[in-house]
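Please open the model in your viewer and keep the selection panel at hand. The tour below moves from one selection to the next and says what is found at each stop.

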Amino acid sequence: MSKVKSGGGWRAIWYTLKKSREVGGIWKMFQAMRTKNACKTCALGMGGQKGGMVNEAGSWPEFCKKSLQAMAADMQGAIKPEFWSTYSTPQMQQFSPLELETCGRITQPVVLEKGEQYYKPISWEDALGRISRKLKTLTANETFWYFSGRSSNEAGFLLQLFARMYGTNNVNNCSFYCHQASGVGLTTSLGTGTATVTLEDVEHADLVFLIGGNPPSNHPRLMSSLMKVRNNGGKVISINPVIETGMVNFRVPSNMWSLFFGTKISSTYVQPHIGGDLALLHGLAKRIVELKAHDEAYLREFCEGYDEFLVTLQELSWEDVERKSGVSKAEIDDMAAQYAAAKRVIFAWTMGITHHANGVENVQGIVNLALLRAMIGKEGAGVMPIRGHSNVQGIGSMGVTPKLKDSVFAALEREFAVQLPTTKGLDTLGCMEESHAGRLKFGFCLGGNLYGSNPEATFAGEALAALDTLVYLNTTLNTGHAHGLAKETIILPVLARDEEPQVTTQESMFNYVRLSDGGPARHEGPRSEVEVIATMASQVLGDAGPIDWQSMQNTGKIREAIAKVVPGFEQLATIDKTKEEFQIPGRTFHKPGFPTPSGRAKIHCHQLPELRGSGEQLRLMTVRSEGQFNTVVYEDYDLYRNQTRRDVILLHPDDVERLGLKEDQPVTITSEVGEMKNILVRPFPEIRAGNALMYYPESNVLVPRTADPYSKTPAFKNVLITISVPAAVKKNEKLLQLS
């Protein structure tokens, strides 16, 4: 496979035609993509009542390979009934993530019973009966409830309500393994846990910092916005240990000039070491103060902690900044000069910032830098965590978190005349650890791939195996169904978003609530998530209490409840009638003023961490490929990094030579918690020397359960590893040399 020189372009158009042929043709795919449903992949906000392929600003056509891949997956044929008697779970464990995903749509409930190796199809009545009978035998805190970001607001609200009425706060979502550090960092700084900007703000900025992210692969529709920034004369500073092809040059297919000639995305590209972000952010802040480019009046009036931060910056030496970041002072000076000259600046980041043991401090460091120049509280400026799942932010807004916001807690008790549990709930990693210890007996997963998203994969498999019962609600198979097996494992097939029989809603990363109309089901058998949850709650808790669970199968009734108890969602009560999508008030800051206890933003001081690793050790970052969405692998190749397989480790050529390795040499990768054998060495000049790159989720076996203490987000991006050549390989190489 030849190395591509830009992202997007004609290859993306060809891929669109290829995927369309797989599902019955371009017209069939076009009709599916044009339905009035929010996009199923990232949270940039495509679709809704403006129609498919339309973004929040009304731009058309806006779609990407990720949305196309997700749609094609949902348009697959059904898994044939004989599949379950043909393939045992040990055989399924040999399937790759791609092979599991492409087995087809799950259309009938199946169960894997204790001591068996084959799933067997069962009826819906049997499946729900097994679940309800088990729940009636347990105490509430022997259970946990995990939520994906692809479910609707209605399903998320209803399930968390059921879990709390059942008696537990062990309620959490996939955000704990991705952007929870963003939410905690932003809340502790600004009083809100989401983006402070709109899509229009991004496109009218004159400088965008893109830190620790790879949007061309993971959020491709953001590239059209970055193209507009560049076309308007703005700049983009990319900060990433890896030079990603699409962040250098991208050809936006919907723009003819960009398609034919390409758009240079990054005006400046800086490569810190993995784990060097906080030192780099402090260096930029120090230089801004030296240049006297900070806004003293704004800082005095709207911020607290400024004086302490000034002292921290004054005491910080440039030697420490350079050593702990891996970035030269000259590069920092250049970025600071660009920042000082800009008038409207957006700071955006992804999991390259949050997937660290100091992820919350990284986010706070970004906010500090934005506050220094009053870049929060004006149009065209602010902070923006680039979220992955299309409704992960909405799931959080619906109360899917161990600790409900006080206002939501009080409103729920008032509106439903109930008493909710006040015990401390478990975060996602906490649930896994308690399961491993044998203290949890039942797990319920509303979508996603809990096993595949966990660090220390061996531990994760052991933890789920200790459960009595584990229930998955999914549309297709994933590695969790093969490896994340309890004593009894039940898979329930559910409808895709565009197959729902009733309208549902989702929330974008710009705090914009979208309405999805649903549509006809593609297969007989799958049920709506809301129907499944309401039926289960009715069977377990009954309908004679304060909540008529059967009536909660009506998504309109759920929205009425949400509108009464979740601040900012009042318009949700009538959205199915008005068709008026809306932005949640109080989250976008176009004027200074913050919902913190003091009413002022908080500037945080930090101690800069030392860079990890030395000598033979390398710092490893686990990443997604261009043909992947979260744990779902749609293609085995990684187009932009020119890789045709996933069992590889990408190293700078200097490290390959220093360690005495060769291209395509099979090696063993070892970390403190696991090892991977027969991994092929691939020289990769685009990565900063001293660092390494491997593909997630396969490399999760190497990732320890080290987590940020504030957000409980695991450090997937800073894993110390060593590389060794197996003795047999060394022997063969020596024989070849002798011959």
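Is Tyr87 buried or exposed, or does Tyr87 fall in between? In this predicted model, Tyr87 has a relative accessible area of 32% and is therefore partly exposed, since the partly exposed class lies between under 20% for buried and over 50% for exposed.

A search of the whole structure finds 21 aromatic pairs, and Tyr87 and Phe95 form one of them, an edge-to-face pair with 5.4 Å from centre to centre and 75° between the planes. Phe95 counts as buried, at 19% relative accessibility, a value to be read against the cut-off of under 20%.

From there, go to Tyr339 and Phe347, which form another edge-to-face pair, with 5.4 Å between the ring centres and 85° between the planes. Tyr339 is buried, with a relative accessible area of 0%, and Phe347 is likewise buried, with a relative accessible area of 0%.

The following two stops bring charges and rings together. Select Lys65 with Tyr15, where the charged end of Lys65 sits over the ring of Tyr15, at 4.3 Å from the ring centre. Then select Arg624 with Tyr696, where the charged end of Arg624 sits over the ring of Tyr696, at 3.9 Å from the ring centre.

Stay with Tyr696 and turn to the backbone, where a cis peptide bond joins Tyr696 and Pro697, with omega at about 10°. Pro697 belongs to the loop between strand E27 (691-695) and strand E28 (719-724).

Two further backbone stops remain. At 37% relative accessibility, Asp664 counts as partly exposed.

Finally, select strand E26 (residues 675-683) and pick out Asn678 within that strand. Phi of Asn678 is near 55°, again a positive value in a residue other than glycine, and Asn678 counts as exposed, at 52% relative accessibility, because the exposed class begins over 50%.

How values were computed
Residues numbered from 1 in each chain as written. Predicted model: local features only at pLDDT ≥ 70, side-chain atom pairs only at ≥ 80, totals over all residues. Heavy atoms only, no water. Helix = DSSP H or I, 4+ residues; strand = E, 2+ residues; numbered from the N terminus. Buried < 20%, exposed > 50% of the residue type's maximum accessible area, 1.4 Å probe, protein only. Phe/Tyr/Trp six-rings, centres within 6.5 Å; stacked < 30°, edge-to-face > 60°. Lys NZ or Arg CZ within 6 Å of the ring centre and 35° of its normal.
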